[in-house]
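Here is a brisk report on one protein model.

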Amino acid sequence: MSDRQFTTPPSAFDLASRPGFLIRRLHQIHTALFIEECAKFNVTPVQYSMMTAIAEQPGLEQARLAQEVGVDRATLANVVARLESRGLLRRTTTKADRRLKRVVLTAKGKRLLDQMTQAAQRAHARTVEILSPAERAAFLHFLARLVDAGNDFGRAPLRLG
């Protein structure tokens with residue numbers, strides 16, 4: 001596949017000149033690659049992100065998990081409930097504040113996450129494989145900058161670091 005070369009300025013209708021269109025399309029492509037690579041695990045990209053965040057921070061409070069992954073409370077509740085029903089994570093409360101729910105991966109969840117790590121990494125690599133290593137680094141840097149700068153406009157805040 002070759003780089004698209006613009007010889008004339010794009011028209012007002014040229015979808016390739018619209019960042020939102022291209023970002024949405026790239027997301028669709030990545031999701032398809034993720035599903036292809038990870039189909040046997042029956043885990044969505046959002047579920048994988050949550051499981052990864054929980055594995056890195058066991059006992060993370062649910063509201064903080066939503067910020068770590070950048071999802072709204074309704075989505076978080078739905079995804080956590082699905083993962084819990086599959087026995088992949090467990091919710092606990094503390095004696096100090098029973099309203100706070102903390103999440104931890106179960107042994108089954110840890111095993112599944114370990115089993116799917118290479119497949120998920122392949123999906124991520126395939127998403128950007130056309131770029132050179134330097135271009136990949138720059139692309140990810142610029143994506144992170146854009147997400148950070150626009151974070152307040154999203155439905156759910158994301159904590160990037």
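## Sheet and strands

β1 and β3 run antiparallel and are joined by two bridges. Across that pairing, Leu-60 stands opposite Val-103 in β3. Strands pair here if DSSP finds at least two bridges between them.

This is a predicted model, in which local features need pLDDT of at least 70 and side-chain atom pairs count only at pLDDT 80 or more, while totals for chains, interfaces and linings use all residues. Residues are numbered from 1 along each chain as its sequence is written, and side-chain values use heavy atoms, with hydrogens and water left out.

## Overall build

The protein has six helices and three strands. Their pattern along the sequence is α-α-β-α-α-β-β-α-α. Helices (H or I, at least four residues) and strands (E, at least two) are DSSP runs, numbered from the N terminus. The C-alpha atoms fill a box of roughly 65 × 35 × 25 Å along the principal axes. Of the 161 residues, 29% count as buried. Buried means under 20% relative accessible area (1.4 Å probe, protein chains only).

## Core

The largest nonpolar core has 28 residues. Such a core is a set of buried Ala, Val, Leu, Ile, Met, Phe, Trp, Tyr and Cys residues joined through side-chain atoms within 4.5 Å. Met-50, Met-51, Leu-65 and Met-116 touch the most other members. Elements giving two or more residues to this core are α1 (19–38), α2 (45–56), α3, α4, β3 (101–105) and α5 (107–128). α5 gives the most, with six residues.

Leaving aside neighbours within four places in sequence, Met-116 is in contact (heavy atoms within 4.5 Å) with Phe-34, Cys-38, Phe-41, Val-43 and Tyr-48.

## Second largest pocket

What kinds of residues form the lining of the second largest pocket?

| Class in the lining | Residues |
|---|---|
| Nonpolar (Ala, Val, Leu, Ile, Met, Phe, Trp, Tyr, Cys, Pro) | eight residues |

Note on methods. Buried means under 20% relative accessible area, exposed over 50%, partly exposed in between (1.4 Å probe, protein chains only).
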